[in-house]
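Visitor: I would like to go through this model with you, one question at a time.
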Amino acid sequence: MTATAIRHDWTVQEVRALLELPFNDLIFKAQTVHREHFDPNEVQVSTLLSIKTGACPEDCKYCPQSGHYNTGLEKEKLLEIERVVAEAKAAREKGASRFCMGAAWRSPAKKDMPYVLDMVRQVKSLGLETCMTLGMLKEEQAQELADAGLDYYNHNLDTSEKYYNHIITTRTYQDRLDTLDNVRKAGMKVCCGGIMGMGEDLDDRAGLLVQLANLPQHPESVPVNMLVKVEGTPLDQVDDLDPFDFIRTIAVARIIMPESHVRLSAGRENMNEQMQAMCFLAGANSIFYGEKLLTTANPEADRDRELFRRLGIRPEQREQSHTEEEQVEALTDAVEYERTRHMFYDATRESA
Ligand code: SF4
């Protein structure tokens, strides 16, 4: 079978036409593409820690961490390095292979950079893959992070350029693209996606997907989030998105970015098992596990393990030396770790 070509010249019309395919045709196409590039029964599992929570100066209308809205969120200053390293170590000992750290910042302040860089070095020295989301980065900041050993940087586009100023007014779409460019220039891998169900229309979903697919290099990870409506944010009353439209978005992301990990991200708590299984069938092959995903609830970790078992899904491991039993055990241990961990942080599903 010839693998699907990697393209960077998608048009909104083409992507819209994919989104509008009969559902069964779309899922079949997505699953076909998925099987050309991935083991269809493997899902990558990451763990996530908020290293600084709340009081963000940005006004993202979906975000409980924005200082512009009163959501009752408990704020937390930048965590001590020792605490972050202890969390990373515990996660590693229980099977995690990637450790993501998120801070609710517009961009990292000069005074905070040395701490953040040290966090990267120390977490990296544990043998973990590292990922951070810290807001906008200048070229030199991206380079410093890369030099410290940061593997991935998360920076979401959130929605289409056309709809962007309905959601965020404190920065521009171009600011977002510039940071992604700086991350790539520094040689890091990119984690970049968006949020569905914010009142956007079909063209906006198509527009976001086109932006992502037409980046000079597809993001290695593409988180597709379903809006979690948090009381106190401007989007807490927005109409629900049809779940099939969400699944369609995952399927099209899979088709047009065939080699990327498509991450079923925030909003899983509100999805039943059947919908999650449908998302995996549509090509999602990455999740966060744990009781919470930053500030929003995430399905309990043991439910994830049980769902994996019922679907015959294995957690993806980078090291090929692990046997299948070891991989399942790793997830089981990681799940147990999440369950018994007392200090669980309300972190942000940033997107920042
Ligand atoms: S999404 Fe990120 S940048 Fe936006 S308000 Fe929340 S923490 Fe700040």
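The conversation below turns to one residue and then to a pair of helices.

Guide: This is a predicted model, in which local features need pLDDT of at least 70, side-chain atom pairs count only at pLDDT 80 or more, and totals for chains, interfaces and linings use all residues. Residues are numbered from 1 along each chain as its sequence is written, and side-chain values use heavy atoms, with hydrogens and water left out.

Visitor: Is His34 buried or exposed?
Guide: Buried means under 20% relative accessible area, exposed over 50%, and partly exposed in between, with a 1.4 Å probe and protein chains only. Because its relative accessibility is 1%, His34 counts as buried.

Visitor: Which residue is joined to the side chain of His34 by a polar contact of 3.0 Å?
Guide: Leaving aside neighbours within four places in sequence, His34 is in contact (heavy atoms within 4.5 Å) with Asp39, Pro40, Arg254, Gly283 and Asn285. A polar contact is a pair of N or O atoms within 3.5 Å, where within protein one must be able to donate a hydrogen and the other to accept it, and residues adjacent in sequence count only if both atoms are side-chain atoms. The side chain that makes this 3.0 Å polar contact with His34 belongs to Arg254.

Visitor: How are α9 and α10 oriented to each other?
Guide: The axes, lines fitted to C-alpha atoms over the stretch in contact, with angles from 0 to 180 degrees between N-to-C directions, come within 8 Å and cross at roughly 25 degrees for helix α9 (residues 243-256) and helix α10 (residues 273-281). Since angles under 35 degrees count as roughly parallel, α9 and α10 are therefore roughly parallel.

Terms used: Helix = DSSP H or I, 4+ residues; strand = E, 2+ residues; numbered from the N terminus. Parallel < 35°, antiparallel > 145°, perpendicular 65-115°, else oblique.
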